[in-house]
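Hi there,

Here is the model I promised to send over. Have a look at it first, and my notes come after.

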Amino acid sequence: MKLVCVDCSAELSWRESHTACSCGGRLEVIQDLKMLDGERLKTVFQERLAERMSVYASGVWRYKELILPGVPEEHIVTKYEGNTGLYTSEPIRSQLGIRALYFKAQSENPSGSFKDNGMTAAVSHGRFLGYKHFACTSTGNTSSSLAMYAAWGGCSSQVFVPSRSVSVNKVLQTLAYGAKVIRFDGTYDDGIRFLEQHGEELGLYVCNSVNPFRIEGQKSIIYEIAQYLNWELPDWIVIPGGALSNVSALGKGLEDLKNLGMITKLPRIALIQAEGASPFHRMMADGQDELIPQPNPATKASALNIGNPPSWKIARRVLRQCQGITCSVNDEEIMVSKKMIDQSGIGCEPASAATLAGLRKLMDDRIIDKDERALCILTGNLLKDTDILAETTDDMVYSDLTIESLRDL
Ligand SMILES: *Cc1c(COP(=O)(O)O)cnc(C)c1O
Ligand SMILES: [Zn+2]
């Protein structure tokens, strides 16, 4: 295993902490898959489904050979993350008229979002290197996740949260786990820059979305989906895009499975951005060569409120490899789809509902066909944003306790 620069191809050791190459390029983990046998791995992964108390009971570390093979078990900080529900919802499926529809509820992770899949890998890597202090910049869920794993691993965490457009629940959750929260005037992108400049001199292990080990951990989401579906994936995987770490991880995970012969056909990826924060979608739709940052991103889906996504090059490569597409949806479309997901009994935060909103739009535009099978990745929990819930459920409360109000059930 090694780290490779996306821009200049320089190689660095994975036994050190780096957030970027000296040329400024992003780093990516390259696994050594040559020694592995895909069929044998399927058997091992299947056997581990019976584990309960070992690190292999985790829905991330079940796939350790493909994530951080070199880190010994005693350094792993796990809360048995992953292991989340893969659901079908007949009412939503029939409303869309699509052949098959799945939801992968990463919202059911221990801190309530898919960030746990990546964070367990990053914190374990940092612990392995001997770090005691961890840091990140976050739109909220990354900080909750880091605060949880740092506490669980007996370490400290410092998180930088923009003072606007962040859900109060996420900040409170982060504080409750004992993190030091630094709220600052500025955007997510400013916080990223600060940590890239000063993280090292402060002795902090930096867990922003550009941490390459987080991406390795997040690959487990697609491994788990593939395993649950008996190694046969749907035609489309639909995911929301903010910093674009999730789409990068999804693409890398698919590539691993394909290279190991564990799947035969690659699904196509549909990446959905919120209209108010959609610089990547615009670049792809307009056929531009470079991403033009959006200075004042604004969407109710606060987890997607990112104007300068750092991993856009990897994301573009991933989409090209799997004939992927991008799409943007507005906040109203997101909220309509969120209501459908909530009332199905699954539930999610606004950013996650961008997937269903995007799927519906892509079906209307005849890009996704009724005869195809789609899977939406739900990234965050229903309770992550109670301000939004209060807004949308206001008119659902009856104020009279009378027999009349309950007549027509
Ligand atoms: C972080 C996050 C996203 C965006 O994922 P990226 O990897 O930043 O593109 C989407 N939904 C939720 C709930 C998140 O926490
Ligand atoms: Zn480089």
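Below are notes on a metal site and a helix pair.

This is a predicted model, in which local features need pLDDT of at least 70 and side-chain atom pairs count only at pLDDT 80 or more, while totals for chains, interfaces and linings use all residues. Residues are numbered from 1 along each chain as its sequence is written, chains are lettered from A and ligands numbered from 1 in the order in which they are written, and side-chain values use heavy atoms, without hydrogens and water.

The zinc ion (ligand 2) has Cys5, Cys8, Cys21 and Cys23 as protein donors, each through SG and lying 2.3 Å from the ion (donors are N, O and S atoms within 2.8 Å of the metal, or 3.2 Å for Na, K and Ca). Along the chain these donors follow the spacing C-x2-C-x12-C-x1-C. Cys8 sits in the loop between β1 (2-5) and β2 (11-12) and Cys21 in the loop between β2 and β3 (27-30), so this pair ties together parts 13 residues apart in sequence (strands are DSSP E runs of at least two residues, helices H or I runs of at least four). Cys21 is buried at 6% relative accessible area, whereas Cys8 is partly exposed at 41% (buried is under 20%, exposed over 50%, partly exposed in between, with a 1.4 Å probe and protein chains only).

Further along, helix α8 (residues 220-228) packs on helix α9 (residues 245-259) at about 50°, with axes 7 Å apart. The contact includes Ile221 and Tyr223 of α8 and Leu250 and Leu254 of α9 (contact means heavy atoms within 4.5 Å).

Best wishes

Methods: Axes fitted to C-alpha atoms, helices over the stretch in contact; angles between N-to-C directions.
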